[in-house]
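Here is a friendly tour of a protein model, written for someone who likes cut-offs stated plainly. Have the coordinates open as you read.

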Amino acid sequence: MIHELLFNLWNNPGNTVVTDDSDWRHLFELPQFLHPGEESLLQLIMQIGMDYHRITTFTNQVLYPNSSEQAEGHNGVSAQSGFYLKAFCNGVQEVLEDYRKEIISLEGRFLDYPQLSLTYILGSINKYKVLFSELKSMIYRIRLENLQGCLLMSGLHKYTICGIDQIKTAADRVIKSVNVVFYQHLRNWIIYGDLLDPFNEFFICDGQVSDENFLYPEQLALSSLPVSSVSPHYDYPDQGLIVSFTQKRKIRNPPPVRKFYINWDLVPSFISEDSAESILFMGRIVWIIRNQPKNDEYAADLQTKFRKDIWEGKDREYCYKIQALCEKSFNAINFRMVIEECRTKLTKTLWSIMLKEGNLVQHLHLIREYFALGRGELFQQFLAVADANLKDIEQDSLMAHLNTLFHDTARKIYGENDKNYLRFELSSSATELLKTRLWHSLQLNFQIEWPLHIFFHPEVMIFYNRFFCFLLRLKKTQINLFNLWSNHTFSKQKISSGVWALRHNLMFLVNNLQYYMQVNVVETHFSILLKAVKRAGEFEDIIKIHHEFVTNLLVKSFVLEPEESQNSTIKHRLYQLPALQHNVPSKVYNVIIKLLELCDEFCATASTWNAELTEPELQELRSLEKRAEIAIETLLLVLYTLHKKVSGGHLLQLLFHLDFNRYFSKNKADLNLSAAFNMY
């Protein structure tokens, strides 16, 4: 009977399906004279053996699904269980190896001493009772919750801190087996930007599409079309990705960025949100660098054969560092140290590529010169030419003529020495273009080179265009007032003193507003930006510096309000936005726009007046004077009131420029701004 008992402890006779209610009695022909105590001992021994068989039944179903006699999906196990579950089962098999050696040892002792008792056998294998119970608990949870992929790691991690050495050792062995798969996924993603995950077990997922955050509206529209209806533009053979984007205008057709994202349901509980974001961020960097677009097939072939050395020949060294983590149970400190070391290396590499290959500083200068109207001579001449040439142009061809005028004007000014203007194109955000409202909706499209398309992504360019549209609007009003002044100055007719005074006040206001925008906002913060970029050493530092620059431009020009509650965000993200509220202009901005509209209305009206004003014209002049007085007072009061609430130095700067030497407030007893000026 002892030999039969040992045989059943080792093997499951007939590969019988073992369930929790299985009766072990049929496995033996129990003698009639067997003592009840011996029967109890035999039951305890067989209970351990049955637990062993239940465990091995599960592992065999996972590891050998084709040879298993069980139907696919029996007890919650699929024939395609994935790499992590198979690694778990391999680890369990390693843990069970000690039990199998114990049974072989007992068999040898029985052959030497046939009088071996049931008590001795129970004493030898009873140490596995608790271990098998915990292994069954693991398997039960896997079946119940259908744990797959990285979720297995979360389920196993708690067993390493149970306080029982035997279970902790077994859990470490199982986790080590699962770690091999996890760190292979991690290594391939971080080092090579590859996501080899046929069972979708890793917490980084491939969206199989281009990331919509880096696409312009035209590209989004094309991406929704069937692949057969769109000509392929970019081809990445190693990634199996063909992006079907064809663009009439090259300017708004940057290289697509593959969409990868985190499946938070699969992130192991012991990996922090920041670490998970860092891992996603690193793989995306590697993917972007490895998939640099080329302009011709020959260059593309060279790119495939000679990929950019992202790790400077140290990729194996970093591979070994990641792979070494799987030799032990998870250590949060070591894990973060290795991840941070890899992240630092990658983000410095991307920073270097952006500065040297992407010409980041040159792009920033172009942003200043065009979006911030740094080339004032170009836009002043362009606005003048556009006013003279767009009067008889049809609505449908308005933008085409506008772009022709823009490029012709730039070519006449800069000649062949500077052709950067060809990288810009004018468009309108209005659905229906009206010539009278054209300057309120004009936008500037910028051809951005790789890899800066991830830096100047569409949402950031929207912010720049909001700023550009406002500055252009201000510039147009300034030109209108200047033209009116020119007509009045060189006119042989005597101009009414009221018209002259109103024009003078409005010109003073607009000129000082223009000066504040160009000097106190654009030049000041652009100088800070360039110095900070040159001091930066990582890609994330540049993103932070750039976002602060964009935020300062829009907030200190009053175009948009800052985010009221800036919650702590994850730093390591490829796609980030400045802390601005998209469609919330400040109160100052609304007053300035009304003031500019008043100036335009005055210019259009005053240009038709003769030297001697008629009574209706005098009434209209008085109305304009009253409205201008109210608008100016409102602007000054809003600036002063907001300054007291938010203590913004830029508010006082603008207030100082607009009311220089108490130009407007000295004759207004109820407009007391002295406290503000004393503080300034």
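## A loop residue and a strand residue with positive phi

Glu312 sits in the loop between helix H10 (297–305) and helix H11 (315–324); helices (H or I, at least four residues) and strands (E, at least two) are DSSP runs, numbered from the N terminus. Although Glu312 is not a glycine, its phi is positive, about 55 degrees. Glu312 counts as exposed, at 57% relative accessibility. The classes used here are buried for under 20% relative accessible area, exposed for over 50% and partly exposed in between (1.4 Å probe, protein chains only).

Gln208 is another non-glycine residue with a positive phi, about 60 degrees. Gln208 belongs to strand S1 (residues 204–210) and is exposed, with a relative accessible area of 53%. As background, most residues other than glycine have a negative phi, and most peptide bonds are trans. For the peptide bond from Trp450 to Pro451, omega is near 0 degrees, making it cis. Pro451 lies in the loop between strand S6 (442–446) and helix H17 (458–490).

## About the model

This is a predicted model, in which local features need pLDDT of at least 70 and side-chain atom pairs count only at pLDDT 80 or more, while totals for chains, interfaces and linings use all residues. Residues are numbered from 1 along each chain as its sequence is written, and side-chain values use heavy atoms, with hydrogens and water left out.

## The chain as a whole

The protein chain has 23 helices and 6 strands. Of its 680 residues, 51% are buried. The accessible surface comes to about 33300 Å², and carbon and sulfur atoms account for 51% of that; the areas come from the Shrake-Rupley method with a 1.4 Å probe, and for residues only the protein chains shown count as cover.

Contact here means heavy atoms within 4.5 Å.

In soluble globular proteins, nonpolar side chains tend to be buried together. In this model, the largest nonpolar core has 193 residues, and those with the most contacts inside it are Phe88, Phe182, Ile190 and Phe203. Helix H18 (residues 497–535) supplies the largest share of this core, 16 residues. A nonpolar core is a set of buried Ala, Val, Leu, Ile, Met, Phe, Trp, Tyr and Cys residues joined through side-chain atoms within 4.5 Å.

Leaving aside neighbours within four places in sequence, Phe203 touches a list of residues that includes Cys150, Phe182, Tyr261, Leu266 and Pro268.

Helix H7 (residues 165–192) has 28 residues and reaches 38 Å from its first C-alpha to its last, close to the 40 Å expected at 1.5 Å a residue. The expected span is 1.5 Å times one less than the number of residues. H7 has a kink of about 30 degrees centred on Asn179, where the bend at a residue is the angle between axes fitted to the seven residues ending there and the seven starting there. Gly193 follows H7, with a positive phi near 70 degrees.

Helix H12 (residues 332–356) has 25 residues that should span 36 Å, and its end C-alpha atoms are 36 Å apart, which agrees. At the start of H12, a side-chain oxygen of Asn331 comes within 3.1 Å of the backbone nitrogen of Ile333.

Where does His572 lie? His572 is in the loop between helix H19 (539–556) and helix H20 (587–606). His572 counts as buried because its relative accessible area is 6%. Its side chain makes a polar contact of 2.7 Å with the side chain of Glu540. A polar contact is a pair of N or O atoms within 3.5 Å; within protein, one must be able to donate a hydrogen and the other to accept it, and residues adjacent in sequence count only if both atoms are side-chain atoms.

Arg423 lies in the loop between H15 and strand S5 (424–428) and is buried, with a relative accessible area of 11%. The side chains of Arg423 and His363 are joined by a polar contact of 3.0 Å. Beyond neighbours within four places in sequence, the contacts of Arg423 include Ile251, Leu366, Phe446 and Glu449.
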